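Visitor: I'm new to this structure and would like a close look at one part. Could you pick a helix, tell me which of its residues are covered, and then show me how it relates to the rest?

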Amino acid sequence: MDFLKIIKNQRKESVKESWSGSFIDYLKLLQNDSTVTKLAARRLVDAIESFGVEALEDSDPRCRKLFDGDKLRTYKYFRDDFYGHERVIAKLMRFLKSASLKGEESRQVLLLMGPVGSGKSALADGVKRALEKAADPVYHLDGCPVREEPLHLLPRSIRGEFEKILGVHIEGDLCPVCRFRLMNEFNGEYEKFPVVRSSFSQRARRGIAVVPPMDANSQDVSSLIGSEDISKLDKFSEDDPRVLNLNGAFNVGNRGVVEFVEIFKNEIEFLHTILTATQEKQVPTPGKNSMLYFDGVIISHCNESEWNRFKSEHTNEAILDRVVKIEVPYVLELTQEMKIYEKMLRRSDFKAHLAPHTIKVAAMFSVMSRLKPSQKCDLLTKMKIYDGQEIVEKGRTKKVDIRDLRDEAKHEGMDGISTRFITKAIDSALTDSDKSFITPMRVVEALIKQVKEQVVDEDKKKNYLEILQKVIREEYLKMLEGEIAKAFVTAYSEQAQSLFDNYMDNAEAFTTKQKLKDRVTSEDRNPDERFLQSIEEQIGVTGSARDGFRADVTAFMFAKMRRGQKVDYRSYEPLKEAIESYLIASVKDMARIVTKSKSRDNEQQKKYSEMVDTMVNDYGYTADSAEEIITFASNNLWRDS
């Protein structure tokens with residue numbers, strides 16, 4: 001590798017990207033592309049949308065099941081970092097677009113409000129990074145401390161004429177520093193003032209500023225608007241621009257973004273500068289200089305308790321009137337919550353194998369801890385509905401309107417277990433493991449330990465432990481039972497299809513009230529009611545529900561056949577579940593022997609090896625993790641009563 005060559009190439013590209021010229025050169029550039037003068041909000045929207053924008057289609061299950069068919073616009077820029085926040089991002093972009101069109105939002109503060117660990121800071125960071133990745137550079141007066149728009153050089157008397165020629169609207173006035181330089185260095189000949197091009201950088205404090213929370217003793221408004229250089233006051237008067245150090249957050253973030261971290265941890269007096277920065281788009285300068293034009297997007301975030309405390313003070317109404325609040329709740333979709341943990345693990349250096357369902361049980365706990373109880377269904381069912389899953393009970397899909405669930409729990413997702421809490425538990429399980437893998441129960445054990453140690457509220461602790469030790473444990477055992485038993489059923493696919501064909505023949509004859517021709521004797525006979533019931537009772541279809549179930553299955557299969565689609569035992573989920581359960585019941589005794597036998601004969605060992613191979617090849621276990629899971633299953637499933 002030629003390191004020097006790489007360095008030289010990078011330096012050469014940097015030179016190519018640079019641009020400098022006079023104000024006249026800049027005006028010529030504007031004649032070809034008037035968008036160069038775009039304001040901060042417009043620049044931010046363009047930067048995000050440049051990565052691509054899509055609308056959720058009706059064919060997307062999430063659009064239909066979770067968003068009521070609302071075709072939300074999704075932004076590719078956020079796709080790989082933010083999961084389950086489509087509505088939040090849609091609101092964020094609605095704010096920025098309105099601001100870019102100079103609506104009232106252009107004179108407002110965007111506030112992201114939500115519980116700890118819900119992604120507020122990450123979302124703000126994502127917005128700032130969009131500017132750093134923006135293809136559009138910013139042109140500004142050379143040496144200007146606030147990197148202001150060069151068109152500010154034009155006197156107001158001729159601005160109207162230039163606006164017509166260039167097709168732009170000119171906002172703002174020269175900063176005191178550039179006004180002084182114009183009159184003293186260039187004798188008022190603004191056409192000679194140099195203009196340069198640069199990019200955005202948070203580290204270099206170019207167009208992106210961050211204001212951390214400060215305690216009352218250390219708060220200083222100079223961190224927002226800059227200060228005066230005391231060492232120069234013996235040479236120049238207090239209103240001389242040469243004493244100014246315009247390095248405050250509003251100076252640095254001009255034409256870009258200013259972020260207030262945990263904004264309401266600051267004293268109200270510290271935030272007064274926001275009043276003019278929003279509505280008047282001006283901020284004070286230190287000393288006795290004039291107000292300074294400010295063009296920037298102000299993003300802030302806070303927790304709900306701080307928001308409630310701040311808005312309860314009636315004396316804060318001026319700032320409250322300048323705030324657009326967007327709630328950032330915890331993710332309530334199980335699938336999307338799992339993606340968050342998978343992303344975090346990808347970014348870590350942990351190398352251990354995670355057995356199937358390990359991330360899922362952790363995500364189940366976090367989501368269920370955030371849900372409000374409902375009279376319409378239990379927490380586990382509610383979690384599945386929020387994830388877009390169909391709930392099948394007694395062979396039929398249970399109809400629970402997701403909108404009704406959301407309407408009765410408006411505040412849902414604003415409290416519960418945080419993403420960080422879960423991540424720490426997973427890290428703990430990975431760190432403590434003396435093996436090359438971890439299983440779901442090891443993560444559950446880590447979560448139980450963490451809840452006992454870190455959750456202070458006794459009622460919440462009791463609720464969380466019940467979810468972990470009962471609800472999640474039982475649900476995982478169901479998943480595990482089906483998974484291990486189906487490892488046996490894999491060898492019985494022909495038998496499953498034969499059962500399906502036999503069931504369909506009998507169900508069709510029953511539904512159409514016809515005789516059935518015996519395949520062996522060719523004699524006409526009645527549908528085999530005992531056989532039909534033996535399949536249906538596997539999923540709880542009994543009594544009068546049988547007639548409807550058989551009619552549903554028959555109609556569904558014939559509809560698929562008319563469309564030329566393949567029909568087999570997997571085609572209709574409830575019937576597939578019933579057939580698999582029927583087969584599982586028939587091999588369960590063998591499963592008992594294989595999983596519990598300490599000394600296996602050759603036939604048992606063969607079946608055991610086939611089961612392990614299926615779990616490794618089809619389900620994603622390693623041989624070692626499959627062994628541990630099977631041992632766990634043998635101790636918790638198919639126990640002799």
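Guide: Let's begin with the covered side of helix H3: its buried residues are Ala40, Ala41, Arg43, Leu44, Val45, Ala47 and Ile48. That is seven of its ten residues, so H3 counts as mostly covered. Here, buried means under 20% relative accessible area, exposed means over 50%, and partly exposed lies in between, using a 1.4 Å probe and protein chains only. Helices (DSSP runs of H or I, at least four residues) and strands (runs of E, at least two) are numbered from the N terminus. Please keep in mind that this is a predicted model: local features need pLDDT of at least 70, side-chain atom pairs count only at pLDDT 80 or more, and totals for chains, interfaces and linings use all residues. Residues are numbered from 1 along each chain as its sequence is written, and side-chain values use heavy atoms, leaving out hydrogens and water.

Glutamate 49 pairs with arginine 73 in a salt bridge (a side-chain nitrogen of Lys or Arg within 4 Å of a carboxyl oxygen of Asp or Glu), with 3.6 Å between the closest N and O atoms. This pair links distant parts of the chain: glutamate 49 belongs to H3 (residues 40-49) and arginine 73 to strand E3 (residues 73-75), 24 residues apart. Glutamate 49 counts as partly exposed because its relative accessibility is 23%. Arginine 73 is also classed as partly exposed, at 40%.

Glutamate 262 is buried, with a relative accessible area of 15%, whereas lysine 265 is partly exposed at 40%. Another is formed by aspartate 295 and lysine 281, at 3.9 Å. Those two also link distant parts of the chain, 14 residues apart: aspartate 295 is in the loop between strands E12 (292-293) and E13 (297-302), and lysine 281 is in the loop between helix H12 (273-278) and strand E11 (282-283). Both aspartate 295 and lysine 281 are buried. Salt bridges can share partners too, and in this way Lys38, Arg42, Asp46 and Asp136 are joined into one network.

For another covered helix, turn to H17 (residues 379-386), where six of the eight residues are buried. Among them are Leu380, Met383 and Tyr386. At its start, a side-chain oxygen of aspartate 378 comes within 3.1 Å of the backbone nitrogen of leucine 380. After H17 comes glycine 388, with a positive phi near 85°.

Finally, step back to the whole protein chain, which has 27 helices and 20 strands. Of its 641 residues, 48% are buried. Its C-alpha atoms fill a box of roughly 110 × 65 × 55 Å along the principal axes.

Key: Polar contact = N/O pair within 3.5 Å; in protein donor to acceptor, adjacent residues only side chain to side chain.
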